[in-house]
Every structure is written in C-alpha cells, then in structure tokens.
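Welcome, and please open the structure in your viewer. We will go from stop to stop, selecting a few residues each time.

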Amino acid sequence: MVSFKRVTQIIVAITALGGVAAMDHVALAQEPAPTEAVQQSPREQQLREQLKGILQELEDLKQGRESALPPAEQPKTVTEKVSPEQAQVTGAMPEYELSDTSIVSTRFQKRPEGLSLSSTLPSETDSQPTRTMKESMESLPGVVLRQANGPRDFSMMIRGQGAKTTFAIRDIKIYEDGFQQTQSDGLSRLDIQDPWFMRSVEVIRGASSSLYDNYALGGMVQFRTRRGSDINGIETFLSGGSFGYHKEALAVGQQYENLDASLFVSNVGEDGFIRHSNYSTQTINLNLRFRIDDKQTFYFKAITNWLDTFVPTRLNQAQFTADHRQAGGTGVCTANSCSDSERLAQRRLDRRTIVGGMYERQLNANTRLTVEADYDVKDINQTFSQISDNVNPNFKHYANLRHEGKLFDMPLQSNVGFFLNNMEQESQTFQNLADGFGTRGRLIQNSRGTIRNVGARFREELEIVPKVILVGGLGFEQSMLSVQAINYDAANVQTPISATRTFTNWAPEMSLSWKPTEAQRHWVRASTGYGIPGFGNLLRDPVTGQPGTNFSLKPQKNLNFEIGTESKLTETLTVQLVGFWTFFKDELISRAVSGTNVATVNADSSQYRGIEAFYDWRPMPGMRFSGAYTHTDAMYINFSDQANTALGFLVRDGKKVPNVPTDVFNTKFAYEHEPSGWGAWAEGSYYNSYFLNNSNTFSIPSYVVANVNIHKNFELNNSWFRFAKLFFEVDNIADKKYAASGQVIIGETAGAAAGQQAFFAGYGRAFYGGVTLGLF
C-alpha cells in the first residue's frame, strides 16, 4: 500500500501545480495566441520533479498489482501523448525525448549536463530507409563519415579526432542501446549497424574519457534500436536500386505486460559502384526487455553480422581522372609485392557477435543501480597484400550507481561507476600468392596478445543556484597490454618479438550550465580524453622500422575546451552553436624512420579548433528546414616528420593536420502532408577541399552532392495489413564525379603525392525505391 505520507505528498504537489496551472490559465485567457512558452518558477520546477518521481513510483506499484490479475480483470487505460510545446503552454507533463529515457526501462532518466549533444530524428530512417548510417548521421553537426573498406564500413571523425583512420573507427566510443561496441583495443566498425533497425543516433561531441574511458578522444556515439512498442506486430522491408542494390528485412516487435521484445533480420547485397566492391551482408539483432517487478528490469541483447565483401584499392590522381570506378592498383606484381586488387582478390570475410545483459534496479526513490556485461567476438579473415586470420574474443563489464539527492539544499545528482574489459587476440599472417584467388603462401607471422582495461569514474552535477548547474567528474583507468609474435622470413628463420606495457590515465572534466528557461541552455566545458597504443604500434622498432619493440610510445591525450548555446529562439526555430578548441598531446602518427620503413611515433603537440552550428526551423505544420555546419582548423604546433630518412627531419610546425575536412555543410528541406500521407525532401551536402599530406602540397577536391526523396504512407487497418510506406529516392542527382574519401599519404611535393593511392570515388547518380509493410 502507498503510505499516508506519500499520499499527502501527492496531494500537496498536485494542489500546488493546480494553483500554478490556474494562474497559467488566467494568463492564457488574457493572451489566447502566445508567441513564447510560459516560464516556470523554480518552485514549480521543483514540484514537477517531485511529482514525476511520485507518479512513476505509483505507476510501478499499480502495474505490479495489475499484473497479478487475470487479463480479463485488468483495467483498460487510455493514454494521450502531449508534445513538449503543448506541455510548456498548458503545464501538462511532456512526452520525454529519447535521450531522457532509460535504455533498459521506460523510466525518466535525466541526461548528463554540460555536453554538446545532438541526435537524429526517427524520420531520418523512417521516410529515408538509408543504406548506410552516413546518410542519416551527416545531418548532425561536428560528425563526418567517410567510406572505408566495405559497404557499411565508414571511418568517423568528430572535431578532427579519428581523421587519420582509413578503415573502421578509432578515437571515438561506440555504443548500441547501452552496450559498448568498441572493443578493448579501441576499434569499432559500423558493419554491425543496420540503419533500418534504428530509432535514432545520439552523439556527444568532445573529449569524454571521464564518462566513457579509453579512446573517447572525440566523444561518443549511441545507436538506439526501435523497441517492440515502436513496431507492435510484424514489419517487412523490400528495397532495390542502382548498381545491383537489394535489401530484404524483417522486424517483429511487441510490448507485453512485463516484456518489450524486438527482433530484426536483414539481408543486403550489391554489385557496387566501384568495380571489385560487390558484397553480401546479413544481420540479426534481438532485444528483450524484461520487467521483473516494480523495481527491477533486465535487458538481453544479441547481435550477429556476417560480411562477405570484395575491396577495391584507393586510386591515385591519374587513375581517378581516367576512370574513377576502376578497382585500383598498379597492375604490377613481383615476388615480394603486389598492389593489384583483383589479382590479390582483396576481400573481407568477417563475423561479429555480441551477446550481453543489462540489469537495472531501483534501490530507492532516488538511487538506481545498472550492471552490464557482454561477450563480444570478432572473427576476421581478410585478404589484401597479405592474408590475415584474426580472432578477438572480448569480455566487457561496467556497473553504475546513480543517486539524486541534495547538498545543503542544492539538488545534486551523483554517478559512480566501475568498469573492466579484457580482449585476447590470436592471429596469423600469410603471403598472398596474387593468383586471383587469394591463395595463402608461406607463414609470415603469428601472434597472441591480451589487453585488459580496469578503472572507475565519478561525476557530480550540483545545481548551485536555480538553473545553474556545476559539473565535476574524474575517470581513472589502468591498461595492461601484452603481445608476443614470431616473424618468419623467406628461409623460415624465426624472429620472436614481444611487448609488455602498462599505462595509467586520469581524465578530469568540469562544466558549467545555465538554463534560464526550458527552451534554452548555455554551457562551458573543459574535458579530457586519452587513447593507448595498439598491438601493432608496439611491435615496430621506432629507430629501424623493422619488427621489434617500441618501448618509448606513450598514450595520446587531448584537452577540450568548448562554449555552446542551444536555444529555441521562437516557437518554430531552434539553433545550436558551439565553439571548441582542442589541444592534442603525443598524437599517434605513422612516420618513416629508416629509409621508407614506417613506425608509430608520438607527435608532440597539435590543435583542433572550430565551430559547430545546427538549425531546425518549422515555419508551418509538416514543413521543416534543417542544417548542420562544421568548420575545423587543425594545425601541428610541434612536430618533425620524415617522408624518408634521406630527406632528414622536416619541421611541420604550423602545417595543417592532413585528412581533416575544413568545412562541411548539410542542409535539408522536408515536407510531410499528414492527411494524405505524402511527403518529400531534398538535401545537399558540401565538403571543402583539404590537405592529405603533411607538407600541405596535395589536397582532395571539394564537392557538392544533392539528393531528393518522395514517399507515401498508407493506413490500411485491415486484418492482414496495418500500413504501407513507399519511397523513391535519387542520390547525386547531378551525377557529380567526386572523391568521397581520402587518406593520409606521403610525398613532399604535389607531384610525388599525386602518385600515391589516396581516393575512393563517391557513388554516381543512383535510384532507389522500396516499401515497408506493417502486417497483422
């Protein structure tokens, strides 16, 4: 039973809110068409927060009692969703944004304060069933994705971090529904994320190792899949288009009394725009959220992705000019080397499986415990100039305790966390015989390694005066890395090498936020990030560039300063503007150290500074203008490079850091006519030119690409079909020839750099169409 004290609290809170609502009603009667949201007093905000907790606890208790009744005796409920705009005017409780909802349950959970945060809308993947995550994420400020090795494999950059990665993702932490998808060595891949499964993507920009530990130098990306309650039945998706593209997918989801279940399955294939890039990939994603009782919830998640893709080689400038769709390579193969992608039969045969659970318990009205553990295994077989077989079993775990209380009558939210993860690597590398079939030759290397990260963190968010929140956080982590390898030469002579290193890192963070109204927030933040070297970095002698041990390599670290504002300037216009300045220390750089032999070294210092801007304007119902702009100025402060040792050391102080886009702009116009179900949008993306080599003599060309889409939703509501959603899309409508992706290259002069393999071509004009059917 609910105590008398609890009932009294409810009556007092509702009575107080009723008085405020009555005053709001009088104001509304005097001004029937207000242009600004009614501001809430500090006392009203405090009462609303108390009421939210009370009502949530009552609802949990009520559901616990009702679940014990037979289904026929359970009461029927009618719910009404209230938009945040309506809530501001009427005083009704709003329907909370996804970022304010617990991943495990449906409880309200306030997001961290003082961060640069943005997220995609569900419509980004609803009206635009994207082929890749790039197509929806490029609408976010500060985020840049570029094509890598495979159909859904993109490198990602946030504020310049991750720019030097030519495949997969580094220096940014990736999560899906709270489960960490970055392995213990810092590598993440987007192969496992199918855009059709997603409800939204949430991005925290700026160094965030105090929150997300190792490798969060650029920030964090959280993918959120659709829940069973979003599906409520069966959905099928069929799509096809240019260059042999096809996709078949199924979603099954339902919300029950104590269970929210969703299952997604997809099969995708394509011949590819670039020759030798055809692929086939299958993904399964299962989510089960159990409500154990009114205080406990358990979330089970399982994901598996299989990928079979051929991989072309990047093109040099002459090749790109002559035929930007060619598979790449010089076509010249010797006994010791070959760069012809077809003769090498360049290919990825990869599997990734993640199985885990997350337990959440409400210890009391103000304290919540979350415990997560998962097993993540990556099994890769990749054929390039050499052939590698790699298995990476990875166990990951974290625990977090969240408490909401007071410090000297000031509201205080406290977070304490602990984490542990351990990854093993067992790999073999073989010679590629370059016979067109990817046949293995002699054994070149076998290795075995272990990396273990263990640490803790805490974060305090104190409302020092009404609407002003001071945040302080600190993370600590110790990383232990050990690897042993045996190299074999042509005469089968064995050369053993090994490395054992321990790294200790601290990550402090502070921010100050001011929220004068519910529609405005302003913040300043200072945060830090760090990332340790990987196995491969430690197994190259920094003097000779030959296999050996790199004893001098240090973790890379950065210090991020930012100031930002996010405001709803009018009822229809929202803007976000952030300025950032990031200082990098000991950045991990590949450099020639002996002849042309390359090893990883630490660049002493560099800086990344710029602005991020976003706008969302909805001048009338159904119409939306939106855009995101990012400017990044990246520069070496103190770094000496070597293109080869014959040239000696080359001072790069003041030079632009290569492969960092300086200006990226995406804008979109969309219109949805809800009564008829018709909708359409048009978008354009602009990338400015930027340098690809340290000497700043060779750059990737700028480009503009435009896409259009038209879609129609049918509400069928018969015994077999609930709805049908059809779309037709044209990408790159002007058939622009452009380089969508570059990489850091050597070459001191423009002529020397032009001969390096630098570019992947972007898709030409392409047509896509499809239908989503809601069954039963």
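Here is the tour, stop by stop, through a model that is predicted.

**Stop 1: a nonpolar core**

Start by selecting Met137, Met156, Val221 and Phe223. These residues belong to the largest nonpolar core, which has 47 residues, and they are the ones that touch the most other members. Now keep Met137 and look around it. Leaving aside neighbours within four places in sequence, the residues in contact with Met137 are Val143, Leu145, Met156, Val201, Val203, Val221 and Phe223. Apart from this core lies another one, made of 22 residues; to find it, select Phe639, Val657, Val660 and Tyr738, which are among its members.

**Stop 2: an open sheet**

Next, switch to a cartoon view and look for five strands. They form an open sheet in the order β1-β6-β7-β4-β5, and the pairing is mixed. Which strands are at the edges? Select 116-119 for β1 and 179-180 for β5: these are the edge strands, each pairing on one side only. As background, strands of a sheet pair through backbone hydrogen bonds, either parallel or antiparallel. For one of the pairs, pick Ser119 and find its bridge partner, Glu202 in β6.

**Stop 3**

Before the next selection, a word of background: most residues other than glycine have a negative phi. Now go to Lys467, in the loop between β17 (440-465) and β18 (468-488). Lys467 is not a glycine, yet its phi is positive, at about 75°. Is Asn492 buried or exposed? Its relative accessibility is 53%, and exposed means over 50%, so Asn492 counts as exposed.

**Stop 4**

For the last stop, show the surface and select Ile464, Val465, Leu470, Met510, Leu512, Val524 and Ile563. Together they make a nonpolar surface patch of about 560 Å². Two of the strands from the previous stop return here: β17 and β19 each supply at least two residues of the patch. Finish on Val465, which sits in strand β17. With a relative accessible area of 43%, Val465 is partly exposed.

Definitions and conventions. Residues are numbered from 1 along each chain as its sequence is written. This is a predicted model: local features need pLDDT of at least 70, side-chain atom pairs count only at pLDDT 80 or more; totals for chains, interfaces and linings use all residues. Side-chain values use heavy atoms; hydrogens and water are left out. A nonpolar core is a set of buried Ala, Val, Leu, Ile, Met, Phe, Trp, Tyr and Cys residues joined through side-chain atoms within 4.5 Å. Buried means under 20% relative accessible area, exposed over 50%, partly exposed in between (1.4 Å probe, protein chains only). Contact means heavy atoms within 4.5 Å. Two strands pair if DSSP finds at least two bridges between them. Helices (H or I, at least four residues) and strands (E, at least two) are DSSP runs, numbered from the N terminus. Patches are made of residues with over 30% relative accessible area and no salt bridge: like charges are joined within 9 Å, nonpolar side chains (Val, Leu, Ile, Met, Phe, Trp, Tyr) within 5 Å. Accessible areas come from the Shrake-Rupley method with a 1.4 Å probe; for residues, only the protein chains shown count as cover. A salt bridge is a side-chain nitrogen of Lys or Arg within 4 Å of a carboxyl oxygen of Asp or Glu.
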